[in-house]
Amino acid sequence: MDEEYEDEGWMGRHRVGDEEPEGPEHIENPQEVLNECLEKFSTSDYIMEPGIFTQLKRYFQAGGTPEQVINLLSHNYTAVAQMTNLIAEWLITAGVKVVDVQAMVENHLKDMILRTFDPKKADTIFTEEGETPAWLTEMIEHPTWRSLIYRLAEEYPDCLMLNFTIKLISDAGFQSEITSISTAAQQIEVFSRVLKTAITKFLTNPDDVQNSILECAKMVCHGQHTYVYSQVLIQVLSQEVKGGFNMKRLSQEITKYALQM
C-alpha cells in the first residue's frame, strides 16, 4: 500500500479551530497597523475585498483619518468586476445566450484562479474573517466552483482552507462527487461519507459487483490509516445478520487487492 501516510494519518491533520491559544493577546503597533492598512488600501479595487471592513476597523482603531482612506480607496477603484458585468450584459443584449456568457466568465475565472492560487494567502481567510465566509458557503452550491475546489485540493493537499472547504462540500451532501481518494483521505469525516457511498453502491448494484469492489478496494488501500479504519468498520458490519455475508466477501476482496499491490 501507499507508504505516504505511514507517519501521518488523520491524527496529524490540522483543522479549523485546532490551534492552541498562544498566550496573552499580542498588542499591535499602531503605526505598523496604519502602514499595513494603507498598503492594502492602495491596491486596485481593494474596496471589493471581503476583508475590507475588518481592515477599516483596524485602521480607525489605530488612529487613521477618514479622508486618507477615502482618497486611497476611490483613487484605486478600477471597477474590474463591474466592467465584467457590463460587458456580459452587452453580450446578452447582442444575442449571446445567458448560459454561454456565464460559461465564458466562469471558465476565465477558473483559469485565473488555477494560475494564481496561493495556498498561504488562502489560509489567511480564516484569520481575517474569524469565521466561515458567507461567500464560501454560497460558492460550494455551484458545480463549477466545487469542481475547481476538487482540482485545487489535489494540487495543494496541505492547504487548510481547501481541506475545510472539502468538508463543507461533504457536509452539504455532495460527497459522491469527491472521486479523488487522496482528497477524501485528508479528513476522517469526509472519508467516512465517501466510503459509505462506495459500500452502498456495492450492496445495491448486484449487476456491477466487480467494479464496485474494485472501486472500494482502491479507496480503502490508499494508505495504512484508511485500510485499518475501513477494515475494522467492515468487520463490524459483517457481524450483522442482514448483509453480513456480503460485507465479509468485500473484506476478503479488499485484502486480496492489498496483497497484490
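Reader: Before the fold, what does contact mean here?
Author: Contact means heavy atoms within 4.5 Å. Among contacts in the chain between residues at least 6 apart in sequence, 63% join residues at least 24 apart.

Reader: What kind of model is it, and how are residues numbered?
Author: This is a predicted model: local features need pLDDT of at least 70, side-chain atom pairs count only at pLDDT 80 or more, and totals for chains, interfaces and linings use all residues. Residues are numbered from 1 along each chain as its sequence is written, and side-chain values use heavy atoms, with hydrogens and water left out.

Reader: How many helices and strands?
Author: The chain has 14 helices and zero strands. Helices (H or I, at least four residues) and strands (E, at least two) are DSSP runs, numbered from the N terminus.

Reader: What percentage of the chain is buried?
Author: Of its 261 residues, 36% count as buried. Buried means under 20% relative accessible area, exposed over 50%, and partly exposed in between, with a 1.4 Å probe and protein chains only.

Reader: How big is the largest nonpolar core?
Author: It has 45 residues. Met-161, Leu-250 and Ile-254 have the most contacts inside it. A nonpolar core is a set of buried Ala, Val, Leu, Ile, Met, Phe, Trp, Tyr and Cys residues joined through side-chain atoms within 4.5 Å.

Reader: Which elements give two or more residues to this core?
Author: They are α6 (119–129), α7 (134–139), α8, α9 (160–171), α11 (188–204), α12 (209–220), α13 (224–237) and α14 (244–260).

Reader: And what does Met-161 touch?
Author: Not counting residues up to four places away in sequence, Met-161 touches Ala-122, Asp-123, Ile-125, Phe-126, Trp-135 and Leu-136.

Reader: Which residues does the second core include?
Author: That separate core of 12 residues includes Tyr-46, Leu-56, Tyr-59 and Val-69.

Reader: Switching to helix pairs. At what angle do α1 and α2 pack?
Author: Helix α1 (residues 30–41) and helix α2 (residues 52–61) pack at about 145 degrees, with axes 9 Å apart. Axes are lines fitted to C-alpha atoms, for helices over the stretch in contact, and angles run from 0 to 180 degrees between N-to-C directions.

Reader: Who meets whom there?
Author: Val-33, Leu-34, Glu-36, Cys-37, Leu-38, Lys-40 and Phe-41 in α1 meet Ile-52, Gln-55, Leu-56, Arg-58 and Tyr-59 in α2. By class, that contact has eight nonpolar, one polar and three charged residues. Ala, Val, Leu, Ile, Met, Phe, Trp, Tyr, Cys and Pro count as nonpolar, Asp, Glu, Lys and Arg as charged, and the others, Gly among them, as polar.

Reader: How do α2 and α3 cross?
Author: The axes of α2 and helix α3 (residues 66–75) come within 11 Å and cross at roughly 150 degrees. So α2 is roughly antiparallel to α3 (over 145 degrees).

Reader: Which residues meet?
Author: Ile-52, Leu-56, Tyr-59 and Phe-60 in α2 meet Pro-66, Gln-68, Val-69 and Leu-73 in α3. Seven are nonpolar, one is polar and none is charged.

Reader: Are α5 and α8 parallel or antiparallel?
Author: Roughly parallel, a class for angles under 35 degrees. Helix α5 (residues 98–116) and helix α8 (residues 143–155) pack at about 15 degrees, with axes 11 Å apart.

Reader: Last one. Is Ala-184 buried or exposed?
Author: Ala-184 is buried, with a relative accessible area of 3%. This residue is found in helix α10 (residues 181–184). Leaving aside neighbours within four places in sequence, Ala-184 is in contact with Ile-178, Val-190, Phe-191 and Val-194.

Technical notes. Parallel < 35°, antiparallel > 145°, perpendicular 65-115°, else oblique.
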